[in-house]
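Student: Can we go through this structure together? I'd like to start with how helices pass each other.

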Amino acid sequence: MKEYSDNRSLFRFKQFSLENNVAGLKIGTDGVLLGAWSQTGESLSIWDIGTGTGVIALMLAQRSDALITGFEIDPHAASVAASNFRNSPWAGRMKIIEGDAVEMTKYLDPADIIISNPPYYTADGAIPAKGHQRDMARRNSRLSFKNVIEIAARKLSPTGSLFLVSPESSRDTIEWEAAINDLKLRRLTSVKTKATASPTRLLWHFSRLGGPLLTDSLAIRTGEGDYTPEYISLTKDYYLQF
(Lines give C-alpha, C1' and ligand atoms only; values in the text may rest on other atoms or scores of the structure.)
Protein backbone atom coordinates (compact mmCIF):
# COMPACT_ATOMS: atom_id res chain seq x y z
CA MET A 1 0.00 0.00 0.00
CA LYS A 2 2.90 2.37 0.63
CA GLU A 3 4.92 4.21 -1.99
CA TYR A 4 8.34 5.35 -0.74
CA SER A 5 11.33 7.12 -2.15
CA ASP A 6 14.69 5.40 -1.90
CA ASN A 7 15.36 6.81 1.57
CA ARG A 8 12.14 5.23 2.88
CA SER A 9 11.07 8.49 4.59
CA LEU A 10 8.91 9.93 1.82
CA PHE A 11 5.35 8.72 1.30
CA ARG A 12 4.12 9.46 -2.22
CA PHE A 13 0.51 10.03 -3.21
CA LYS A 14 -0.76 10.97 -6.67
CA GLN A 15 -0.75 14.74 -6.11
CA PHE A 16 1.55 15.22 -3.11
CA SER A 17 4.30 13.62 -1.08
CA LEU A 18 5.13 13.98 2.57
CA GLU A 19 7.86 13.17 5.03
CA ASN A 20 6.81 10.27 7.20
CA ASN A 21 9.64 9.97 9.69
CA VAL A 22 8.02 10.83 13.04
CA ALA A 23 8.02 7.88 15.45
CA GLY A 24 4.50 6.88 16.45
CA LEU A 25 2.88 9.05 13.79
CA LYS A 26 3.36 6.98 10.65
CA ILE A 27 0.76 7.17 7.91
CA GLY A 28 -1.79 4.41 8.35
CA THR A 29 -4.97 3.09 6.83
CA ASP A 30 -7.18 4.82 9.43
CA GLY A 31 -6.03 8.30 8.48
CA VAL A 32 -6.22 7.67 4.75
CA LEU A 33 -9.69 6.16 5.09
CA LEU A 34 -10.93 9.15 7.08
CA GLY A 35 -9.41 11.64 4.66
CA ALA A 36 -10.92 9.93 1.63
CA TRP A 37 -14.32 9.21 3.21
CA SER A 38 -15.07 12.65 4.68
CA GLN A 39 -16.96 15.25 2.65
CA THR A 40 -15.62 18.79 2.19
CA GLY A 41 -18.53 20.35 0.29
CA GLU A 42 -18.10 24.10 -0.08
CA SER A 43 -16.40 24.54 3.30
CA LEU A 44 -14.24 27.62 3.75
CA SER A 45 -12.26 26.48 6.80
CA ILE A 46 -11.10 23.05 7.96
CA TRP A 47 -9.34 22.06 11.17
CA ASP A 48 -7.38 18.80 11.43
CA ILE A 49 -7.04 18.12 15.16
CA GLY A 50 -3.90 16.12 15.94
CA THR A 51 -2.65 16.36 12.38
CA GLY A 52 0.54 14.34 12.90
CA THR A 53 2.57 14.71 9.72
CA GLY A 54 -0.44 16.20 7.92
CA VAL A 55 -1.79 13.46 5.65
CA ILE A 56 -5.50 14.09 6.32
CA ALA A 57 -5.10 17.84 5.95
CA LEU A 58 -3.32 17.37 2.63
CA MET A 59 -5.96 14.95 1.37
CA LEU A 60 -8.70 17.49 2.09
CA ALA A 61 -6.65 20.28 0.53
CA GLN A 62 -6.46 18.22 -2.67
CA ARG A 63 -10.22 18.27 -3.14
CA SER A 64 -11.32 21.57 -1.59
CA ASP A 65 -10.58 25.28 -1.73
CA ALA A 66 -10.76 25.68 2.05
CA LEU A 67 -8.25 27.27 4.37
CA ILE A 68 -6.84 24.36 6.35
CA THR A 69 -5.27 24.44 9.81
CA GLY A 70 -3.52 21.48 11.38
CA PHE A 71 -3.17 21.37 15.17
CA GLU A 72 -0.31 19.30 16.58
CA ILE A 73 1.05 19.22 20.13
CA ASP A 74 4.28 17.33 19.35
CA PRO A 75 6.94 19.85 18.25
CA HIS A 76 8.76 17.50 15.89
CA ALA A 77 5.56 16.34 14.21
CA ALA A 78 4.38 19.95 13.90
CA SER A 79 7.67 20.87 12.21
CA VAL A 80 7.41 17.96 9.76
CA ALA A 81 3.76 18.79 9.00
CA ALA A 82 4.65 22.43 8.37
CA SER A 83 7.33 21.31 5.91
CA ASN A 84 4.90 18.95 4.21
CA PHE A 85 2.38 21.77 3.85
CA ARG A 86 5.00 24.16 2.42
CA ASN A 87 6.06 21.57 -0.15
CA SER A 88 2.52 20.81 -1.29
CA PRO A 89 0.61 22.38 -4.21
CA TRP A 90 -1.71 24.06 -1.66
CA ALA A 91 0.88 25.73 0.57
CA GLY A 92 -0.82 29.13 0.35
CA ARG A 93 -3.90 27.98 2.25
CA MET A 94 -2.42 25.57 4.79
CA LYS A 95 -0.86 26.25 8.19
CA ILE A 96 0.16 24.51 11.41
CA ILE A 97 -0.62 25.60 14.95
CA GLU A 98 1.68 23.90 17.44
CA GLY A 99 0.15 23.33 20.85
CA ASP A 100 -2.79 21.88 22.72
CA ALA A 101 -5.82 22.08 20.41
CA VAL A 102 -8.19 22.31 23.36
CA GLU A 103 -6.59 25.61 24.34
CA MET A 104 -5.52 26.93 20.96
CA THR A 105 -8.94 26.63 19.33
CA LYS A 106 -10.59 28.80 21.99
CA TYR A 107 -9.30 31.96 20.34
CA LEU A 108 -10.15 31.18 16.70
CA ASP A 109 -13.20 31.83 14.55
CA PRO A 110 -15.48 28.80 13.96
CA ALA A 111 -14.58 26.11 11.41
CA ASP A 112 -16.83 24.56 8.78
CA ILE A 113 -15.21 21.14 9.18
CA ILE A 114 -13.36 19.61 12.11
CA ILE A 115 -11.69 16.28 11.43
CA SER A 116 -9.57 14.08 13.67
CA ASN A 117 -7.89 10.70 13.86
CA PRO A 118 -7.26 10.92 17.61
CA PRO A 119 -5.43 8.51 19.95
CA TYR A 120 -7.11 5.24 20.85
CA TYR A 121 -5.96 4.43 24.35
CA THR A 122 -6.98 6.11 27.57
CA ALA A 123 -4.36 7.60 29.87
CA ASP A 124 -4.70 4.58 32.16
CA GLY A 125 -5.28 2.08 29.35
CA ALA A 126 -3.96 -1.43 29.44
CA ILE A 127 -2.03 -1.10 26.16
CA PRO A 128 0.77 1.42 26.77
CA ALA A 129 2.81 2.51 23.78
CA LYS A 130 6.59 2.48 23.58
CA GLY A 131 8.51 5.73 23.44
CA HIS A 132 7.50 9.32 24.19
CA GLN A 133 6.23 10.25 20.72
CA ARG A 134 4.37 7.01 20.23
CA ASP A 135 2.86 7.38 23.70
CA MET A 136 1.66 10.87 22.87
CA ALA A 137 0.36 9.74 19.50
CA ARG A 138 -1.50 6.62 20.58
CA ARG A 139 -2.83 7.48 24.06
CA ASN A 140 -5.41 10.12 24.75
CA SER A 141 -3.91 11.67 27.88
CA ARG A 142 -3.60 14.89 25.83
CA LEU A 143 -6.31 14.43 23.19
CA SER A 144 -9.40 12.25 23.50
CA PHE A 145 -12.61 11.69 21.59
CA LYS A 146 -14.28 13.69 24.36
CA ASN A 147 -11.89 16.60 23.80
CA VAL A 148 -12.44 16.61 20.04
CA ILE A 149 -16.22 16.43 20.34
CA GLU A 150 -16.23 19.27 22.87
CA ILE A 151 -14.09 21.39 20.54
CA ALA A 152 -16.58 20.70 17.74
CA ALA A 153 -19.53 21.60 19.96
CA ARG A 154 -17.94 24.97 20.76
CA LYS A 155 -16.33 25.86 17.46
CA LEU A 156 -18.22 24.36 14.50
CA SER A 157 -20.04 26.84 12.28
CA PRO A 158 -23.87 26.54 12.30
CA THR A 159 -23.85 24.16 9.33
CA GLY A 160 -20.48 22.58 10.16
CA SER A 161 -19.50 18.90 10.31
CA LEU A 162 -17.28 16.75 12.51
CA PHE A 163 -15.55 13.68 11.03
CA LEU A 164 -13.86 11.01 13.17
CA VAL A 165 -12.39 7.53 12.90
CA SER A 166 -12.49 5.28 15.95
CA PRO A 167 -12.21 1.68 17.09
CA GLU A 168 -15.51 -0.20 17.22
CA SER A 169 -15.00 -0.43 20.99
CA SER A 170 -15.37 3.36 21.32
CA ARG A 171 -18.90 3.42 19.86
CA ASP A 172 -20.76 3.98 23.15
CA THR A 173 -18.36 6.68 24.35
CA ILE A 174 -18.59 8.67 21.13
CA GLU A 175 -22.37 8.37 20.88
CA TRP A 176 -22.72 9.58 24.47
CA GLU A 177 -20.34 12.52 24.11
CA ALA A 178 -21.99 13.61 20.86
CA ALA A 179 -25.46 13.40 22.40
CA ILE A 180 -24.62 15.52 25.45
CA ASN A 181 -22.96 18.08 23.16
CA ASP A 182 -26.01 18.23 20.85
CA LEU A 183 -24.23 16.93 17.74
CA LYS A 184 -26.35 14.88 15.36
CA LEU A 185 -25.08 11.68 13.78
CA ARG A 186 -25.50 11.86 9.99
CA ARG A 187 -23.46 8.93 8.73
CA LEU A 188 -21.79 5.90 10.32
CA THR A 189 -19.65 3.49 8.30
CA SER A 190 -18.40 0.24 9.80
CA VAL A 191 -14.98 -0.79 8.45
CA LYS A 192 -13.76 -4.37 8.12
CA THR A 193 -10.19 -5.33 7.29
CA LYS A 194 -11.64 -8.26 5.29
CA ALA A 195 -15.13 -8.92 3.97
CA THR A 196 -15.31 -12.04 6.15
CA ALA A 197 -14.21 -10.26 9.34
CA SER A 198 -16.11 -8.32 11.99
CA PRO A 199 -15.89 -4.51 11.93
CA THR A 200 -12.89 -3.06 13.75
CA ARG A 201 -13.21 0.66 12.92
CA LEU A 202 -15.99 3.21 12.61
CA LEU A 203 -16.11 6.34 10.45
CA TRP A 204 -18.33 9.06 11.94
CA HIS A 205 -20.01 12.15 10.50
CA PHE A 206 -21.72 14.49 12.97
CA SER A 207 -23.26 17.90 12.34
CA ARG A 208 -25.23 20.53 14.18
CA LEU A 209 -28.12 19.94 11.79
CA GLY A 210 -30.49 17.01 12.01
CA GLY A 211 -31.47 14.87 9.06
CA PRO A 212 -31.55 11.30 7.75
CA LEU A 213 -28.95 8.92 9.14
CA LEU A 214 -26.99 6.83 6.65
CA THR A 215 -25.42 3.62 7.96
CA ASP A 216 -23.25 1.45 5.74
CA SER A 217 -20.15 -0.72 5.76
CA LEU A 218 -16.83 -0.94 3.95
CA ALA A 219 -14.45 -3.88 3.58
CA ILE A 220 -10.82 -3.10 2.73
CA ARG A 221 -9.97 -6.54 1.35
CA THR A 222 -11.94 -9.44 -0.04
CA GLY A 223 -11.91 -12.83 1.64
CA GLU A 224 -9.12 -13.77 -0.81
CA GLY A 225 -6.99 -10.81 0.29
CA ASP A 226 -7.41 -8.51 -2.71
CA TYR A 227 -8.48 -4.90 -2.25
CA THR A 228 -12.23 -4.52 -2.66
CA PRO A 229 -13.68 -2.41 -5.49
CA GLU A 230 -15.25 -0.14 -2.85
CA TYR A 231 -11.91 0.55 -1.16
CA ILE A 232 -10.18 1.15 -4.49
CA SER A 233 -12.93 3.55 -5.55
CA LEU A 234 -12.67 5.45 -2.26
CA THR A 235 -8.88 5.88 -2.33
CA LYS A 236 -8.03 5.88 -6.06
CA ASP A 237 -7.52 9.66 -6.17
CA TYR A 238 -4.66 9.25 -3.68
CA TYR A 239 -2.83 5.91 -3.82
CA LEU A 240 -0.44 5.46 -6.72
CA GLN A 241 -1.25 1.79 -7.20
CA PHE A 242 -4.96 2.36 -7.92
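Tutor: First a term: a crossing is right-handed if the near helix is turned clockwise from the far one by less than a right angle, and left-handed if anticlockwise. Also, this is a predicted model, where local features need pLDDT of at least 70 and side-chain atom pairs count only at pLDDT 80 or more, while totals for chains, interfaces and linings use all residues. Residues are numbered from 1 along each chain as its sequence is written, and side-chain values use heavy atoms, with hydrogens and water left out.

Student: OK, which hand is the crossing of helix 6 and helix 7?

Tutor: Helix 6 passes helix 7 in a right-handed crossing. Helices here are DSSP runs of H or I with at least four residues, strands are runs of E with at least two, and both are numbered from the N terminus.

Student: At what angle do the axes of helix 6 and helix 7 cross?

Tutor: Roughly 25 degrees, and the axes of helix 6 (residues 145-155) and helix 7 (residues 171-180) come within 10 Å. Axes are lines fitted to C-alpha atoms, for helices over the stretch in contact, and angles run from 0 to 180 degrees between N-to-C directions. That crossing angle makes helix 6 roughly parallel to helix 7, a label for angles under 35 degrees.

Student: Which residues meet there?

Tutor: From helix 6, Phe-145, Lys-146 and Ile-149; from helix 7, Ile-174, Glu-177 and Ala-178. Contact means heavy atoms within 4.5 Å.

Student: New topic. In what order do the strands of the open sheet run?

Tutor: Eight strands form the open sheet, in the order 5-4-3-6-7-9-8-10, with mixed pairing. Two strands pair if DSSP finds at least two bridges between them. Strand 5 (94-98) and strand 10 (214-221) are the edges, each pairing on one side only.

Student: How many bridges join strand 3 to strand 4?

Tutor: Five, and strand 3 runs parallel to strand 4 (residues 67-72). Four bridges join strand 3 to strand 6 (residues 111-116), also in parallel. Ile-46 stands opposite Ile-68 in strand 4, and its bridge partner in strand 6 is Ile-113.

Student: How many residues of strand 3 are buried?

Tutor: Five of its five (residues 45-49), where buried means under 20% relative accessible area with a 1.4 Å probe, counting protein chains only. Ser-45, Trp-47 and Ile-49 lie on one side, with Ile-46 and Asp-48 on the other. In strand 4, five of the six residues are buried.

Student: And which strands does helix 7 touch?

Tutor: Helix 7 packs on the sheet against strand 7, strand 8 and strand 9, and its direction makes about 5 degrees with that of strand 9.

Technical notes: Angles under 35 degrees count as roughly parallel, over 145 as roughly antiparallel, 65 to 115 as roughly perpendicular and the rest as oblique. Buried means under 20% relative accessible area, exposed over 50%, partly exposed in between (1.4 Å probe, protein chains only).
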